[in-house]
Structures are given as C-alpha cells and as structure tokens.
Amino acid sequence: MSKPPIDRIRNFCIVAHVDHGKSTLADRMLQITELVDPRKMRDQYLDKMDIERERGITIKAQTVRMPYRPKEGPHAGSEYLINLIDTPGHVDFSYEVSRALNACEGAILLVDAAQGMEAQTIANLYLALDADLEIIPVLNKIDLPAARPEEVAREIVHLVGGDPADVLAISAKTGEGVREVIDRIVERVPAPSGDREAPPRALVFDSVFDPYRGVLVYFRVVDGTFRVGDKIRLMATGFESEIDELAVLMPEPVQVKELGPGEVGFIAASIKEVSQAKVGDTITVADKKRAATEQLPGYREPLPMVYSGLYPIDSDDFPVLRDALEKLQLNDSSFTFEPETSVALGFGFRCGFLGLLHLEIVQERLDREFDIPLVTTSPSVRYRVELETEKLSGDDPHEITISNPQDLPEPNKVSRILEPTVKAMILTPSEYVGAVMQLCEKRRGTLLAMDYLTEERVELRYRLPLAEIITDFFDVLKSSTRGYASLDYEPDDMQASNLVRVDVLLNGEPVDAFSAITHRDHAYEYGKAMVAKLKELIPRQLFDIPVQAAIGSRIIARETIKAKRKDVLAKCYGGDVSRKRKLLEKQKEGKKRMKNLGSVEVPQEAFISALRVGSPSGGGEKS
Amino acid sequence: MDPQRWLTDPVECGRAAGFGIYVHIPFCAHRCGYCDFATWDDRGHLVDRYVAALGREIDAAEDPGRAVTSIFVGGGTPTMLEPDVLAGLVQRLHDRFDVGMDAEVTVECNPETARPGLFEALVDAGVDRISMGMQSSAPGVLATLERQHSPEALPVAVALARAAGIRRLNVDLIFGTPGETADDWAGSLAAALALGPDHLSAYALTVHDNTRMGRDVAAGQLPAPDEDVQRSRWEVARETLAALGWEHYEVSNWARTPGERSRHNLIYWQHGDYLAFGVGAHGHLDGHRWWNHRSIERYCDDVEESARGVANEERLADDERAVERLMLGLRLQQGLHPADAPPIDPLALEDALAADLVQTACGRLQCTERGWFLLDDAVTRLLPETA
C-alpha cells in the first residue's frame with residue numbers, strides 16, 4: 001500500500017443522535033469509496049458487537065480507512081485517505097467521545113431533517129467545537145415526508161453559524177448527496193499536522209479486548225512513526241510492550257509495517273487488559289533516547305458516576321459472578337467493582353458505572369454472556385461526607401466518600417453531605433417548557449439558561465443533582481413531553497445538600513438493601529412509597545409485621561402487614577390427596593427461597609420488585 | 001402398639017382406618033362457577049354409556065378381599081340419575097365386594113333433585129346416609145355460587161329423605177363467598193341445624209384459577225374471598241356448634257355425636273385405603289395411588305376397551321407418605337399418634353410449638369385452635385427440609 005502524504009489524509013467523525021442515520025451514512029461511504037464488496041455489504045457494517053446493533057447505539061468506537069479520489073472540484077483525481085473515526089453516542093461515554101474527537105480534524109454534524117437537533121447532538125457538537133474541529137453540517141433523511149429541512153437548517157445555523165444554504169441535504173438511505181459530503185470533507189477538513197521526526201506520540205482513543213490477540217489499541221499518530229517490533233510504552237499507566245501487529249481497518253483489518261503522523265490504526269501488543277491501555281493515554285516508544293517526555297493533553301482516569309450493588313439471586317453464583325465481572329473488566333476499564341455484603345441480599349459486589357446506560361449494558365452483558373440472574377440495588381451516587389470534627393479523634397479522617405447508603409454515619413456525626421451535580425441540557429418543543437421546568441424544579445434543579453433555537457425549539461440548561469437524574473428522570477421527561485424532549489448532561493461540581501438516609505425496617509430490623517440517601521424534602525414520599533410497596537409484596541405471616549421507614553430513630557412512615565388468619569387449602573375432594581400433597585411440597589420448596597429478615601420470610605421476588613420501584617429521588621410522577 | 005409402627009408397618013397404619021369405595025357421577029344440571037371437579041352439564045347424551053362403563057369398571061376391578069366399611073357416591077350430582085340406575089350401581093358394589101352390614105353408604109344429593117321415589121330406591125339398595133348440598137340459605141349467596149335450588153327446597157328434600165328411611169343426614173355448607181354477610185352465615189347455620197342433621201361440613205370457598213369464578217376474580221369482576229372474613233365465619237361455626245354440644249372432629253367437619261362422624265372421609269384423613277370408580281376418581285391402596293382419566297369420553301373409551309379407566313398412578317416414596325400423613329392427620333382434632341406419624345425434626349417441632357400452631361395433648365400431636373386454620377403453614381413447618 002502506498003504511503004499517503006500527510007496533506008492527503010482527512011480524519012473526521014460523525015456527530016449525530018441515535019437513529020439520525022450515522023451508521024447508514026457510514027455504510028454509504030463504504031460503498032461510494034468501493035471499500036466493501038457490494039455482495040458483502042450488511043447494514044451497520046461497523047457496529048460489531050451484537051449489543052450495539054440491537055440497541056442501535058455504538059458503545060465502542062471503531063474506525064475505517066477509505067481511499068477516495070474526488071471526481072470533481074479542485075482535488076479531482078488525487079487519492080485521499082479518509083479516516084472515519086466512529087464515536088460512542090451516549091452521554092455516559094462523553095469522555096470517550098472527547099478522545100475520539102481529539103483524534104480528528106473535522107466532524108460531520110448529522111441531523112435528522114424530520115427530528116431536528118437533539119440534546120445529545122448539541123452536547124457532542126460542543127465537545128467537537130472545544131476540540132477545534134471543522135464542522136460540516138448535514139441534514140439527513142430529506143426524503144422523509146415529515147422532513148423540515150429549512151427549519152432544521154436554521155436550528156443548525158443558530159448553533160454553528162454560517163448560511164443555511166451551506167448545509168448539505170442528503171438521504172443516507174438512498175445515497176443521495178453522500179458523495180458531496182465526502183467531497184466537502186476533502187475540501188474543508190484540514191489535513192493533520194505532525195512532525196515525522198519528533199519523538200513518537202499517539203493518542204489512544206479506544207481499546208478493545210480480543211480473545212485471540214489480547215487488547216487491540218486504537219490510536220491516532222500525532223508525531224513520529226510507529227513500526228512493527230517497536231517497544232512501546234503507555235505513558236499514563238507505564239505499561240510497556242512490543243508491537244506484534246500494526247493494522248488499519250478497511251474495514252477488515254489490513255496489516256501495515258508502519259504508521260506515521262495523522263494516520264489511524266490499531267496495534268496488538270500482547271496487552272492482557274484494557275486497563276493497561278486506557279482511552280486518552282499516550283503511546284510513545286520505550287527507548288528512553290527516542291521517547292517523548294510529554295503526554296498529549298486531556299488524559300483522565302475514568303470516574304464512575306453511578307453505583308449499584310449487584311447480587312446473584314442464587315448465592316452459589318457468587319464466584320461465577322466474580323469471574324464474570326473480571327472478564328467484563330478486561331474490555332471495559334471504566335467499570336469498577338468490589339465485594340460487598342448485605343444482610344438482605346447476601347454476598348455481592350458494589351459496582352461503579354459511568355452512567356445508567358453503562359449500568360444497563362453491563363447488566364445485559366452479564367445476563368446474555370454469563371447467564372447469571374441478578375438483583376440490582378437502586379442506583380446511587382458518590383457522596384462526600386464531612387464529619388463533625390468534635391466527635392473525631394486525632395487520626396480520624398475529616399471527610400469520607402461513600403457510594404453505599406449504608407456507609408453513611410449516624411446523623412449526629414455528620415456535619416455536611418455533598419453530592420455530585422450535573423449540568424443538564426434539555427431540548428424541548430416550546431409547548432412543553434412549562435412541564436420540563438416543573439420536573440426540573442421538583443428534582444431540585446437550578447435554571448442556568450434558556451435559549452430559543454427557533455420559535456418552536458427551546459434549549460434549557462439546568463444544574464441538577466446527579467442522584468435526581470439517575471433514576472427515572474429521563475422516563476418522566478419523555479412522558480411529560482410526549483417523547484419530544486431530549487437530555488444530555490455533563491458532570492459538574494459537588495454541592496452541599498440537606499440529605500438524609502431513609503432506612504426501611506421490617507419487624508423493627510433495618511433491611512439494608514432498601515436504605516436510600518435522599519433529600520429531606522423527598523424522604524417522606526420515598527419512605528411512604530417503599531413501606532406501601534413492601535406491604536403489598538410481602539405475604540402475610542403468623543404475626544403482625546410492622547413495616548417502617550425511618551430517618552435515624554425517627555419513624556416517618558408505617559404500615560402493618562396483618563397476621564394471616566387462614567392458610568388451609570380446601571378438602572381433598574373425592575380422595576385426591578396427590579394434588580394437595582404436591583401443592584404443599586411446592587409451598588415448602590418456595591419457603592426455601594425466602595430470605596429470613598427480622599424473623600420475617602421475604603420472597604426473593606419481593607426484593608426484586610421493591611428495588612425496581614425504589615426511586616429515592618423526587619419521583620412519584622409515575623404513580 | 002408398636003411405637004414405631006409408622007416406620008415398621010406403614011400399611012397397617014392406614015388399614016386401621018377401614019376400607020372404602022368412591023364412585024363418581026359427573027353429571028350436573030348446571031356447572032357452578034367455582035367448580036373444578038370433573039363435572040359436566042352438557043354430557044347428558046353420555047349418561048347411559050357412562051353408567052355402563054362404570055358397571056364394567058366395577059365388575060372388572062380386582063377385589064383386595066377386604067371388608068368394605070364405607071361407600072361414597074359423589075359428584076357432580078349423583079341424584080340426577082334415575083333412582084333405579086343409581087340404586088343399581090350401589091347394588092352392583094354390594095354384589096361385587098364384601099360390603100359389611102354396618103357399612104356406611106352415602107350418596108350426595110342436590111336439593112332440587114329430591115323427588116318421590118328417589119330415596120326409597122336408595123334405601124332399598126342399602127344407602128343409609130345422604131349428603132345434602134345446601135351451601136347457604138341466603139338467596140344472594142346461592143346466586144353467586146350459581147346453585148340451582150332455592151332455600152325452601154331444603155326442608156322438602158330432607159323430609160322426603162327422612163320419610164324414606166334415610167337414617168343419617170349430612171348438610172354441606174360453604175362460607176366466605178364474596179358478598180356473604182355475617183347475618184347470611186348465621187342464618188345458614190341456623191337453617192342447616194333446623195333440618196335436624198347428624199353431620200355438618202362447612203368449607204371456606206376456595207377459588208381456583210382455572211374456573212369461571214377464578215377468571216371473574218382475576219378480571220376484577222368479583223372480589224376475591226377475604227381470608228379474615230373466612231376465619232371469622234369458621235369461628236362462628238365453631239362456637240355455634242360447640243354450644244349445641246356438637247363435636248368438631250375435623251377442621252371443616254362437625255358431628256352431632258362421635259358415632260355420626262363420616263366414616264368414609266375418615267379413611268382419607270387417616271391415610272386409609274379406598275377403591276375408586278368413575279371419571280377423575282382417585283384410589284389408594286397400601287401406598288399406591290392411581291387416578292382415572294378426567295375426560296369422560298376418554299374414560300368411557302378406555303373402560304370399553306380394557307375395563308380400566310386409569311390415567312396415571314404413583315407409588316409413594318417415604319417422604320411423600322410423610323407429607324400426606326401430616327397434612328391429612330392434622331386435619332383431625334385428635335391429631336396424630338406418634339406411633340402413626342413420621343418422625344419430626346425436633347427443631348421444626350419446637351418452631352411450630354412456639355408459633356402456637358401445634359400442641360401435644362394426650363400423647364398426640366395436634367393443631368392448636370389457631371393452628372388448625374393455618375394448617376398448611378403448620379405442615380410446611382413440620383416437614384423435613386428434603387421433602
């Protein structure tokens with residue numbers, strides 16, 4: 001393969017909302033550049049993992065190198081290398097998105113001409129603008145009857161400037177206008193700059209576990225050249241290895257001997273875990289004389305935002321779950337886990353995730369790839385707890401960080417609790433502004449800004465506690481705007497809040513799995529909902545069972561499960577003893593699967609259902 | 001008595017209870033919404049064929065050579081049959097088996113089917129006991145239960161039976177039907193007692209999912225029976241009958257005197273042996289249980305083909321026998337003698353004693369008053385973990 005001059009390389013990505021046609025556009029580009037044999041073409045060619053294809057979202061970034069000769073214009077006839085760097089498309093992965101954007105010089109802003117801009121697109125657009133990328137606005141799905149190209153073009157121009165007439169209008173489905181998009185990339189996106197002679201540096205924008213070759217590290221060369229056999233070092237983790245394989249994706253892997261400035265590809269270097277080659281890290285050579293001394297800017301450790309306890313339904317599955325989590329971590333370094341015990345749920349793990357979607361993906365993979373039935377406790381965030389100094393002795397820490405409500409000290413030992421907040425961006429049709437504002441107020445939000453993109457579309461910016469977002473916020477937002485609003489958010493500072501822990505007591509004994517940290521104003525609502533739910537879920541027993549919600553020693557809600565007074569099945573009619581015997585044997589079997597808490601037998605299903613409804617935020621809209 | 005008789009001679013344990021025969025007549029004028037037995041109200045055209053099949057099954061049955069101590073003809077509505085046909089079936093059992101002179105012979109009867117000549121025919125065939133399906137004296141409750149008779153039919157039917165020479169009378173009642181008031185229940189008890197019965201059965205209405213009533217409850221068209229209400233109805237029955245000196249000998253059954261206990265049902269509760277004839281009927285002999293087809297057509301086909309209507313059978317394993325022994329024996333007020341009971345884990349026993357579900361009295365294990373109506377809970381507590 002001929003070595004392209006650096007000024008013939010174009011690195012770009014596509015910023016788009018889920019379902020706005022990113023994968024279809026990529027498919028058309030593969031066809032126009034004749035990279036994929038038409039007979040081998042399949043939909044969403046680049047989305048490799050099953051889970052991605054089914055959910056229609058990209059989790060791991062992929063990349064593809066397309067040789068292209070423009071047929072018209074000033075560059076007609078010359079061969080260019082167009083590198084499409086795919087980005088994950090969800091708020092949970094905004095850091096990964098930002099690293100992928102940093103590997104590019106340009107971005108296609110792809111917007112569905114019927115749907116218009118979505119909050120997620122705007123958020124990623126801002127990330128692209130932060131990375132100084134050349135933005136190429138494109139309207140997709142102009143063939144749809146519901147398309148409103150002029151209006152949506154105005155929305156786009158409102159955000160990125162320019163002339164609505166410059167916005168390309170295409171149909172990725174039919175291919176109409178796609179060639180013009182590629183031509184515009186060649187024309188507008190700057191060629192990479194980089195020094196072939198400088199100490200080698202490359203940006204890791206993704207790493208994927210491959211069971212045969214170990215971790216494949218996707219990278220963009222910034223300076224210098226990397227060759228097969230080079231000893232390399234990852235500057236943040238310090239991990240060293242030797243390049244076994246160097247390849248580009250077209251879109252199937254094609255081995256190359258070296259990659260120079262501006263080029264994009266992957267290496268296999270006998271790396272066993274993705275945590276050894278983290279997104280955002282800088283690759284250089286191990287040889288101290290040739291090695292770069294300064295990392296590329298912007299690296300940070302992925303920080304879990306949302307925590308949840310994962311417990312095997314069958315306690316015998318604990319070691320199996322541990323193995324599964326370890327295996328998952330091999331290709332997802334952004335998720336953390338540590339063992340945890342619960343009186344109610346037994347042995348499990350407290351796991352940290354980048355966000356709710358990330359949690360769902362992990363759960364789904366555990367279910368799909370490892371077939372382990374799980375109980376998941378209500379998601380929680382990480383709180384910073386400042387302790388009452390008078391109660392501390394010299395060596396005690398003045399501050400602790402907790403992600404499990406159980407770890408919150410007694411109220412009298414706590415001076416302040418700080419909780420993480422997010423800056424949320426919500427796009428909504430203007431008729432629902434009232435409903436959205438009401439929801440955000442209820443969830444303790446502070447309005448930061450409000451901007452009419454057009455007369456019909458409003459961008460609202462709120463500061464919201466993360467804890468209020470991670471339960472059912474998105475669902476409620478969707479249902480109160482007939483599905484039209486979209487949401488995106490980024491982490492913001494910690495803020496002190498009036499938070500309390502609500503405990504749930506069964507027959508006087510706290511059930512740890514149901515404890516939740518909530519704002520004092522929402523505590524009563526949560527407590528009441530929880531005890532009512534448990535009253536409904538726990539079968540009557542031989543004695544009255546008080547179900548209480550409490551803050552410290554103060555009871556804030558109470559229900560009583562009355563003692564059962566009848567538990568006898570009808571007669572064995574006509575001597576049919578077998579049927580009744582089998583029913584009793586089943587009952588006995590059922591008892592084995594119950595947890596005994598405060599001498600109350602609680603069926604496993606009661607936990608699962610109660611944890612499903614247990615939203616400690618200012619919820620209640622769903623009832 | 002061998003203190004370990006349960007372990008050393010399980011067969012003998014059950015044999016002491018006697019030896020019964022159950023015959024099932026599946027026809028009804030109307031199938032009630034709560035009924036989940038093998039009954040039909042649209043198979044009138046099969047009556048002759050069915051009766052013939054029953055006769056064939058009875059004739060071909062193996063005689064274990066034991067004296068029959070009770071016969072029970074249940075349904076369905078056995079008294080839907082022509083009196084001579086029904087009497088003929090009972091006669092056939094007498095011809096085929098060694099039915100003792102003092103055997104209890106019961107026929108179930110719905111009040112609306114009582115008619116001149118019916119009971120005379122039965123008495124002539126040796127029937128000495130009628131079980132009358134009264135259920136309630138409240139018209140609203142009878143309507144909810146879809147019973148076909150009016151309350152006034154009861155005294156008439158009973159008078160006919162007594163006049164014909166029926167010596168022993170049981171009245172069946174159902175309590176806790178949705179919509180039934182406390183007064184309805186008190187009135188039903190009074191009306192039942194006014195009939196001068198020798199025995200009362202009173203069962204809490206159980207709604208099965210697979211019945212029309214079960215579907216109505218699931219669809220929210222009928223409230224589910226309230227278990228607390230059922231408990232208090234049961235207590236009212238206990239108190240009312242105790243005040244009259246009746247014996248509450250089984251959780252749902254009362255006898256005017258100990259001699260009036262249902263000998264046939266006692267066989268079930270004492271884990272005894274009984275043959276079974278007819279569609280869906282269940283038999284038991286020395287730890288072997290079998291049951292006939294539940295489809296009347298299939299039953300007739302098979303009997304016509306092979307003189308047998310058995311759909312399936314099982315041989316009880318030790319742990320299964322233990323479950324049955326406990327769940328049946330503890331239905332009786334007298335409970336179980338330790339020699340006739342499976343060994344119970346001391347910790348489980350302690351748990352059930354502490355929960356005031358069972359007690360030991362006169363060297364027997366029996367339910368407490370509280371535990372009697374919580375019998376399933378008591379039994380599951382006493383069962384070994386492996387059962």
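How many residues does the contact take from chain A, and how many from chain B? It takes 23 residues from chain A and 36 residues from chain B, where two residues are in contact if their C-beta atoms, placed from the backbone, lie within 7 Å. On the side of chain A that touches chain B, 8 residues are nonpolar, 4 are polar and 11 are charged. Here Ala, Val, Leu, Ile, Met, Phe, Trp, Tyr, Cys and Pro count as nonpolar, Asp, Glu, Lys and Arg as charged, and the others, Gly among them, as polar.

Before going on, please note that this is a predicted model, in which local features need pLDDT of at least 70, side-chain atom pairs count only at pLDDT 80 or more, and totals for chains, interfaces and linings use all residues. Residues are numbered from 1 along each chain as its sequence is written, while chains are lettered from A and ligands numbered from 1 in the order in which they are written.

**A sheet in chain A**

In chain A, 6 strands form an open sheet with mixed pairing, in the order β2-β3-β1-β4-β5-β6. Strands (E, at least two residues) and helices (H or I, at least four) are DSSP runs, numbered from the N terminus, and two strands pair if DSSP finds at least two bridges between them. The edges belong to β2 (63–68) and β6 (168–169) of chain A, each with a single partner strand, so one side of each has no neighbour in the sheet. Strand β5 (residues 134–140) of chain A pairs with β6(A) in the parallel sense over 2 bridges, and L139(A) stands opposite A169(A) in β6(A).

| Helix of chain A | Strands of chain A | Angle |
|---|---|---|
| α4 (residues 119–130) | touches β1 (9–16), β4 (106–112) and β5 | about 150 degrees with β1(A) |
| α5 (residues 149–160) | lies across β4, β5 and β6 | about 165 degrees to β5(A) |

The angles run from 0 to 180 degrees between N-to-C directions, with axes as lines fitted to C-alpha atoms, for helices over the stretch in contact.

**Cores and a buried serine**

A residue is buried if 20 or more other C-beta atoms lie within 10 Å of its own, exposed if 12 or fewer, and partly exposed in between, with C-beta atoms placed from the backbone. A nonpolar core is a set of buried Ala, Val, Leu, Ile, Met, Phe, Trp, Tyr and Cys residues joined through C-beta atoms within 7 Å. The largest one has 166 residues, and A107(A), L109(A), F219(A) and I426(A) have the most contacts inside it. Strand β8 (residues 214–223) of chain A gives the most to this core, with 7 residues. Another core, of 118 residues, lies apart from it and includes F19(B), V105(B), I174(B) and C367(B).

Elsewhere in chain A, S308(A) sits in strand β17 (residues 306–312). Why is S308(A) called buried? It has 23 other C-beta atoms within 10 Å. Leaving aside neighbours within four places in sequence, the contacts of S308(A) include C351(A), L359(A) and T376(A). The C-alpha atoms of S308(A) and S403(A) are separated by 8.3 Å, although these residues are 95 apart along the chain.

**A look at chain B**

Chain B has 16 helices and 14 strands. Buried residues make up 50% of its 387 residues, and its C-alpha trace spans about 55 × 50 × 40 Å along its principal axes. Strand β11 (residues 288–292) of chain B pairs with β12(B) in the antiparallel sense over 5 bridges, and N312(B) in β12(B) is the bridge partner of W291(B).
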